[in-house]
Amino acid sequence: MSAELANMPLVHLLALGSGYLLVLFLFALAVERGWIGRGLTRHPAVYTLALGVYASAWAIYGSLELTASSGYGYLAYYLGVAGAFLLAPVLLVPIQRMTRTYQLASLADLFAFRFRSRWVGTLITVVSLLAVLPLLALQVQTLGDSIHLLTGSTSPGRWALAFCALSALFAMLFGARHSRLHARHDTLLAVIAFESVVKLGAMLMLGAVALFGVFDGSADLQAWLDGPGQLHQAAISQPDAAHWRTLLLLFFAAALLMPHMFHITFAETLSRRTLLQASWTLPLFLLLMAIPVPLILWAAQAQGHDQAVASAYLAFVLADTPWVGALAFLAGLAAASGTMIIISLALSGMILNHVLLVAHPPEAQPNLYRWLRWLRRALIAAVILGGWLFYRLIGVHHDLTTLGLTAFVGMAQCLPGLLALLYWPGANRKGMVSGLTVGTLVWLAGLWLPLLTGLPALVIVPPGLEGLAGEPTWYVVALVSLAANSLTLILVSLATPTSVGERAAAEACSVDAVIRPKRLPLLAATGADFKRHLARALGDKVAEREVERALTDLGLSPLDGRPYALRRLRDRIQANLSGLMGPSVAQDIVDRYLPYRHGGEEATDDIHFVESRLEAYRSRLTGLARELDGLRRYHRRILARLPVGLCTLGVDDELLMWNDALAELSGIDGTSVVGARRDGLPAPWGELLGRLLAEPGDHLYKQPVELDGTTRYLTLHRAELPADDDLRGGTVILIEDHSELKWLEDELVHAARLASIGQLAAGVAHEIGNPITGISSLAQNLRYDTDDPQLLESAEQIQQLTDRVSRIVSSLVGFAHGGRHVSGSRFTPVAIASVTEEALHLIRLARSGEDVRYRNFCPPDLEVIGDAQRLQQVMINLLSNARDASEPDGAVSIAAERDGDMVLVSVTDEGHGLDAHVRDHLFEPFTTTKPPGEGTGLGLPLVYSIIAEHHGRIEIDSPPPGQARGTRISLWLPTEREDGDTTDEPDSDR
Amino acid sequence: MYVYRIMLLLVFGGYLLSPLLMSGWSSPGVAWYRPFVIWGVLIALTLWLEQKRKLDER
């Protein structure tokens, strides 16, 4: 490197770099404080630009170096990642779904979750750390080299360290604010996007300088390329097809596996839509980043500056003005700092969760969140310092391509495992670990250790592949390590057994797999139990916050004791803890402190959960699966919309379905009870269903059940669903509401009773009436036949007693004719006021109750449709009852008012009122509150039948609302004639 | 899903055939921007497929 380029004072360059980082701080502060609108910071373009973190210092300097040696071969760096994002729907979206569902924030989390081992997470972390160190060193080296080239500084490493420290400080301040890794850091994303804008802008400007400043536009450049440029082009060795494909594969893998890419793509919780959008926006960004690269090279070559500096830094010699160098430096600084920040954040999380927390689990830390935050901050500093130390250790003798390729080949060792994780449920832990170990060892021996130690590469070429002997080291190592890795993974997985837990996790991870969780009861019975159990591991405060958080996420109540809800709560807590401490520690804590109850009963599939997952996956189903899902939905809808109550219970008595009709009948929403145990259902359902299940027969008829304060009569039918190998067992129960049928039956019995009593009364009246008339005539004759006062008194008494018997008989005759209109006349408009006035007149003629005050408030113009005579009979009955119930000086009031298309007539007294028992039977014949001999108990049944004949209704309030005592009889009578209201037509049963 | 298959085909086809394309890029007389134009066309194709997928899943 030549010092003659030192065309910029060190102070200026440091001021430029520090100034840029200061702007970055201010920008971050502006986002943090909300000075920049969320509409802008949450725009999908911000995500695309944040993904531009992939374009590290390699994209600025390394690409130039690669273009100088391999021509368009440099495009592999961009096209590899573009290919990975093109496959977003089949590759990235399934990973995003998994990372989001199980709160997996890093590649190590994903592997530890899938292969059910904390050591797998540790192994992935170690491999990632080893692979990323050369990449970090590359960032630092470009900084050091730039400082040295531009300023001639003899201690560029020290200044590079200063920039590293500032980047670390930035990551600690804005990236490690949350103890939870799996959270969207708006500030961080916005800052990385800002850095991408800076590096893209700088690169485009450098490209413009090359194209329009050095060349005179595109045509001039083309002319140079076809002319003098030919010489330079001839010196380039284009990568052959195999090299090119391997490079593409390495960069493809980097897009998925590099910790910083994984972090931005999956750990920052972004929408699926945004991720899919990135399938074309990220390649567009990379295209714009890639275009200036060859332009800069050709411009430098055209000016003959290509020998002045190493090809990676040709941008510095593009023009003589210092601002071009400053622009190139800024582009490099933006790229390097962004990469270092995100790598340090991602790796610190991995080391924390898979090395530190695995070695020292957090046993009831007093302030767990704070403790985790500070650990992460320390690790961020350590990772960046590690990158700087690696740079110092390996020296500056390596070109950027070697450093970069070492990192990318190392990281690609996780590719076979990742593909197996997604597409091969048969892969197991032993296979993955063996494959990764073999591949990593080949890589370490062939690329990493030689880089660090300067020793010659130990490249193992397996027999049969001797043709690879003359190929570049990176190519041979990449090919051999990946082949050995994949083969070992496949062979060991096939040769060794897979654990049950791993198989379940494999199903959860497989693309298009439907998770089939099992129903197992938990020891904890409520949310409060969860807090108590977890407090032993996490401390009271953290346990409370984590349980509350999970309950809020799921929208559950802390009192919800449904086994289904508790299982979901457990899963959620595990996922949330996984975001905090990684899946291994989270699983340990949950398994230990929230264990399942092992009562010997066989676990069955959690059908309800499977269904809810299927609902969410609908858009992912295709072909036959989609058709079957359509059928499933159709059948489910039939059951849900069945107009009869339906519920199903699993073999473990857990409620699996509660359809709409049953929800309406019971007033209990299905979502609040599905997943509950039968005995945990709200009253009276648990007991009622239990009674049916205990019944030897399959039916329970007209069971009285208190619902909403009224008694309803339910009929229940049961059918057993026998379980076999393919079908799940259980019980299906149909619940019909037969209340109306029961009421109709009761009504019918009542009517039949009334009819038979009426017939009896008519017969009795007829049989008694004749002798009584005779007795009465004889008694009258006796008064004319004698003057004996004693006999006359006896005759008088006989007369009185026969009158009384005649009244009773006439009542009986009246009742017998009740409900049967004998006059044959049609109903006519009747003024209520005149009916009540006449009834009052007749009542006042009676000798008893003269001291009762009657008040008639009926408006004179209010009319009903009816028979005046019979309505008068009704009023006389009601008024005489009111009079008899009243105390001396008591008041009886009659009122009438319009109530819709009816007239409400009420008779209110202030008497002794009615007992509840009597009130319920008042309309039954022979029910009376009067002393024996004074009432027949036929008055109100007669009133009832007359009112029913008028299509009216009658109600009794005792005491009436707003009164301490007394009784109010309310009658509703129609004001309009109903169609076919011709009561003169004889009834068929008359 | 049909769109996904087109994407899979596109990516793997591109992966296998890209060396053939690349060999011609550095030949004299070939416009320097040709690789970028091809790349631009690929991006436009992806954008089109993305729109199609949105319609497909609506």
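**View 1. A:His951 sits in the loop between helix 38 (939-949) and strand 13 of chain A.** Helices (H or I, at least four residues) and strands (E, at least two) are DSSP runs, numbered from the N terminus. This is a predicted model: local features need pLDDT of at least 70, side-chain atom pairs count only at pLDDT 80 or more, and totals for chains, interfaces and linings use all residues. Residues are numbered from 1 along each chain as its sequence is written, while chains are lettered from A and ligands numbered from 1 in the order in which they are written. A:His951 is not a glycine, yet its phi is positive, about 60°. It has 17 C-beta neighbours inside 10 Å, so A:His951 counts as partly exposed. (Buried means 20 or more other C-beta atoms within 10 Å of the residue's own, exposed 12 or fewer, partly exposed in between; C-beta atoms are placed from the backbone.)

**View 2. A:Arg116 lies in the loop between helix 7 (107-114) and helix 8 (118-151) of chain A.** Its phi is near 50°, positive in a residue other than glycine. A:Arg116 is buried, with 22 other C-beta atoms within 10 Å.

**View 3. An open sheet of five strands in chain A runs in the order 9-11-12-14-13.** Pairing is mixed; two strands pair if DSSP finds at least two bridges between them. Strand 9 (853-856) and strand 13 (953-957) of chain A are at the edges; each has a single partner strand, so one side of each lacks a neighbour in the sheet. Strands 13 and 14 (residues 967-974) of chain A run antiparallel, joined by five bridges. A:Ile956 has A:Ile969 in strand 14 as its bridge partner.

**View 4. Two peptide bonds in chain A are cis.** One joins A:Ala683 and A:Pro684, with omega about 0°. A:Pro684 is in the loop between helix 31 (670-673) and helix 32 (685-694) of chain A. The other runs from A:Ser958 to A:Pro959, with omega near -5°. A:Pro959 is in the loop between strand 13 and strand 14 of chain A.

**View 5. Chain A meets chain B through 29 residues of chain A and 28 residues of chain B.** Residues are in contact if their C-beta atoms, placed from the backbone, lie within 7 Å. Helix 15 of chain A gives the most to the chain A side, with six residues.

Conventions: Contact = placed C-beta atoms within 7 Å.
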